[in-house]
Amino acid sequence: MGRRQQRAVPGSLHWQLQPHCNRVTVTVVQLGSVYTLDGTDDQCGAPQLAPVTGLATPNPDGTIGLGLTIVTVPGGRPVHLDARITLGGLSGPWSDSAGNTGTFAFNAAAPGASRPIPSPGAAWGTVVVAPPGDTSTGISLTSDAPLASSPPAVRVTWGAPATVATGAIDAGIIVSARDHVGIAATSDSSVGVFGQTLSGVGVGGTAADGIGVLGRSSGAGIGVWGSSDSGIGVLASSTAGTALSIAGAISVGGTTRAAFAHITSASNTTAHVTTISHPLTNNDPTALVFVTHAIPTGSPTGLDPRVSSVAYDAAAGRWRILHDDFTAMPLGLQFNVLVIKQ
């Protein structure tokens, strides 16, 4: 077989990747029906040029298609560029593998910003380790997703994909796993999974017949934690089954406790009535208030034989405990109070 004839086109040809300031200079060599392109990208006057190689081929529509590979310097990150030019002006549209587009302008040198350097693609098994003392974000993903049907910023499928749809198409991260844990996070002393929202759901979980959200602590930590300034800290809902199942003790804490002790005193008791003042009951006539008389160990007060009830005073905006027989309420009595909000 004979060698294919090669013929160099005299001189070098120049194109600008408008709207960017990058100028590509190549030498063209004819190789049969195609042309090889070899040259550089000036990277807008950078100290180092980026090598460029490619081919130019005639298209059936009369345009010339150019396929270029630019190896950016430093770093060696490749950019694949496609351009289509006309024979009349030798200019036309261009686009690259990093999502940039513009005009492939022949012999142009207009001002503009440098073409963005492409981000390196992460290979399987990639490990990102922060340099010592570096407090910046390791991996940051940003997506302009204006529609509810927009794809997530990150999609992870572990094993066979789940048969149940996620229900959150516009989520930032979607994890799908049929027979395994979707997301697992552990921490020795802090938070495994943290979710925050101004008005939506911080962390949500749904399940057809399994567990929507599972939190477990092997020590003295918290399995699942929810907090809200004015809304609902943790919401459990079920249309036909059990909304919340607890295996173990219930503990109340914090400054606003749903279960607390009320002690009758001269400041809160008058005649047969003692008044409860608590953030969960004040000004809430729909609150469910449950009261039990208790005799603490070592208490000087005795058993209160009277039947007590609770009633809401709309004028005062307070719940009151009262003796049903209207006998005087002794001082120093303790009532254990449980509040359930409706």
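## A lysine and its partner

K341 is partly exposed, at 43% relative accessibility. Partly exposed falls between buried (under 20% relative accessible area) and exposed (over 50%), with a 1.4 Å probe and protein chains only. K341 forms a salt bridge with D284, with 2.5 Å between the closest N and O atoms. D284 lies in the loop between strand 13 (273-276) and strand 14, and K341 in the segment after strand 17, so the pair ties together parts 57 residues apart in sequence. D284 is buried, at 12% relative accessible area.

This is a predicted model: local features need pLDDT of at least 70, side-chain atom pairs count only at pLDDT 80 or more, and totals for chains, interfaces and linings use all residues. Residues are numbered from 1 along each chain as its sequence is written, and side-chain values use heavy atoms, without hydrogens and water.

## Other salt bridges

The whole structure holds four salt bridges (a side-chain nitrogen of Lys or Arg within 4 Å of a carboxyl oxygen of Asp or Glu). Among them is R84 with D82, at 3.6 Å. R84 is partly exposed at 39%. D82 is partly exposed too, at 35%.

D313 and R320 also meet, at 2.8 Å from N to O. D313 is partly exposed, at 25%.

Strands are DSSP runs of E, at least two residues, numbered from the N terminus. Two strands pair if DSSP finds at least two bridges between them. An open sheet has the order 11-17-14, with antiparallel pairing. Strand 11 (259-263) and strand 14 (288-294) are the edges; each has a single partner strand, so one side of each lacks a neighbour in the sheet.

Seven bridges join strand 14 to strand 17 (residues 334-340). T292 stands opposite N336 in strand 17.

Definitions and conventions
Helix = DSSP H or I, 4+ residues; strand = E, 2+ residues; numbered from the N terminus.
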